[in-house]
Amino acid sequence: MKKIPFITKEKAQEIAQKYPTPFYLYDEKGIRDNAKAVKEAFSWNPGFKEYFAVKATPNPYLIQIMKDYGCGCDCSSMTELMLSDAAGIKGRDIMFSSNDTPAQEYAYAARLGAIINLDDITHIEFVEGILGKLPETMSCRYNPGGVFKMSNGIMDNPGDAKYGFTTEQMFEGYRILKEKGVKNFGIHAFLASNTVSNEYYPILAKELFELAVQLEKETGADIKFINLSGGVGIPYTPDQEPNDIRAIGEGVRRVYEEVLVPAGMGDVSIYTEMGRFMMGPYGQLVTKAIHEKHTYKEYIGVDACAVNLMRPAMYGAYHHITVLGKEDAPCDHKYDVVGSLCENNDKFAIDRMLPKIDKGDYLVIHDTGAHGHAMGYNYNGKLRSAELLLKEDGNVQMIRRAETPGDYFATLDCFDIYDKLAI
Ligand SMILES: *Cc1c(COP(=O)(O)O)cnc(C)c1O
């Protein structure tokens, strides 16, 4: 599917007068339409809830937009918990799916009334030690081990992943939790990442539903919810077919009726913790070409770099690029599109066919709404960009300012000279 930016060259120029490039731009309409579609796709399940994975895009404005469609937050750190609570997502609307969790984070999650999803059987005692008594509602993260395969060749390797309880530990864990007074149980699993397939959730759901029936039968634990977690992907390349959330919701309903309903478990709620699917396509990184370099290859230097978007450097991830104003021009130039870090992996694209790029052109880097700005860092003393929201009425609202040198020096406040710089 052709990737179309949600701004024009003229709009980018207008925005850049007030907010210099690079900046992240999020599309409010896209976020709303998608969140509504998710809600509708699972409306057959009265208890359904999407807990947005805060780590993907930890911005309270965006979280509040999704809250309009019933979304809560999935957190895995102290500051993610704080951010969610402050954004108005309270108590059971927070899922705390952490791992290798520090004691103070469990204590804080419990104080907020969040649902605690344990990553390991040893954490039962750990949490009991911290809280004195376990909460009435608890969930455990399952890792079946081995290799997870789907018919379209997508696979992932849970056996190599650090997360979750083994199958045996699930049965033992639920028995122990029940003995210790836990009343309401959940099951969670995340078995494959960025699945561009309508099959992933239904296959995962079937596996978890069957496990739930067994767990209830053998341990007597009352399973109230099954959390399919994240992993629903987006098409980063134009040739991929986007997921159809309606088909996914229907697929989960089919296995629900096949496995849970006959077992007398037709009251189980379905939870999800999608991050990428909720936000990925609705964020774009807008950057300006500031240099062209002709050496052994053709380079376009832009004013963003890997600190603004790490995925290409970190995973070799593909992000589609559109040159604004040249949407229909032939892609007859081969470029490496690079940032300014002293790191040769600071490349947004390698050998990419694009229209001829001139200095001053605006480039849109697509599908950066999730795991984009959030993965930012400060290597080379580079600063993270602003986040802007393109509202439904066409206005632009700043929802996070760009970092300043003052932010960068703020933690050096043990030295007078930097303290002054930080003002
Ligand atoms: C990262 C993560 C998610 C979200 O994953 P996406 O691929 O962005 O949907 C959900 N749950 C947990 C526990 C995670 O770590």
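Glutamate 257 and arginine 253 sit 4 residues apart in helix 9 (residues 245-260), so about one helical turn separates them. Helices here are DSSP runs of H or I with at least four residues, strands are runs of E with at least two, and both are numbered from the N terminus. The side chains of glutamate 257 and arginine 253 meet in a salt bridge, 3.0 Å from N to O. A salt bridge is a side-chain nitrogen of Lys or Arg within 4 Å of a carboxyl oxygen of Asp or Glu.

This is a predicted model: local features need pLDDT of at least 70, side-chain atom pairs count only at pLDDT 80 or more, and totals for chains, interfaces and linings use all residues. Residues are numbered from 1 along each chain as its sequence is written, and side-chain values use heavy atoms, with hydrogens and water left out.

**Salt bridges**

The whole structure holds 26 salt bridges.

| Glutamate 257 | Arginine 253 | 3.0 Å |

Glutamate 257 is partly exposed at 43%. Arginine 253 is also partly exposed, at 23%.

Aspartate 358 is partly exposed at 31%, whereas lysine 326 is buried at 18%.

Aspartate 407 is partly exposed, with 29% relative accessibility. Arginine 401 is partly exposed too, at 45%.

Salt bridges also join into a network, which links Glu28, Arg32, Asp68 and Glu392.

**Strand 10 and its neighbours**

Strand 10 (residues 223-227) is mostly covered, with 4 of its 5 residues buried. Two strands pair if DSSP finds at least two bridges between them. Strand 9 (residues 184-188) pairs with strand 10 in the parallel sense, over 4 bridges. Within strand 10, asparagine 227 stands opposite histidine 188. The chain passes from strand 9 through helix 8 (residues 200-219) to strand 10, in a right-handed β-α-β crossover. Right-handed means that, with the strands pointing away from the viewer, the path from the first strand over the helix to the second runs clockwise.

Strand 10 also runs parallel to strand 11 (residues 269-272), joined by 3 bridges. Isoleucine 226 has isoleucine 270 in strand 11 as its bridge partner. Strand 10, helix 9 and strand 11 form a right-handed β-α-β unit.

**The ligand**

A ligand nitrogen is 2.7 Å from a side-chain N or O atom of glutamate 273. A ligand nitrogen is 3.2 Å from a side-chain N or O atom of serine 229. On the backbone, a polar atom of arginine 276 is 2.8 Å from a ligand oxygen. Taken alone, the ligand exposes 390 Å², and the protein buries 91% of that. Those areas come from the Shrake-Rupley method with a 1.4 Å probe.

How values were computed
Buried < 20%, exposed > 50% of the residue type's maximum accessible area, 1.4 Å probe, protein only. Polar contact = N/O pair within 3.5 Å; in protein donor to acceptor, adjacent residues only side chain to side chain.
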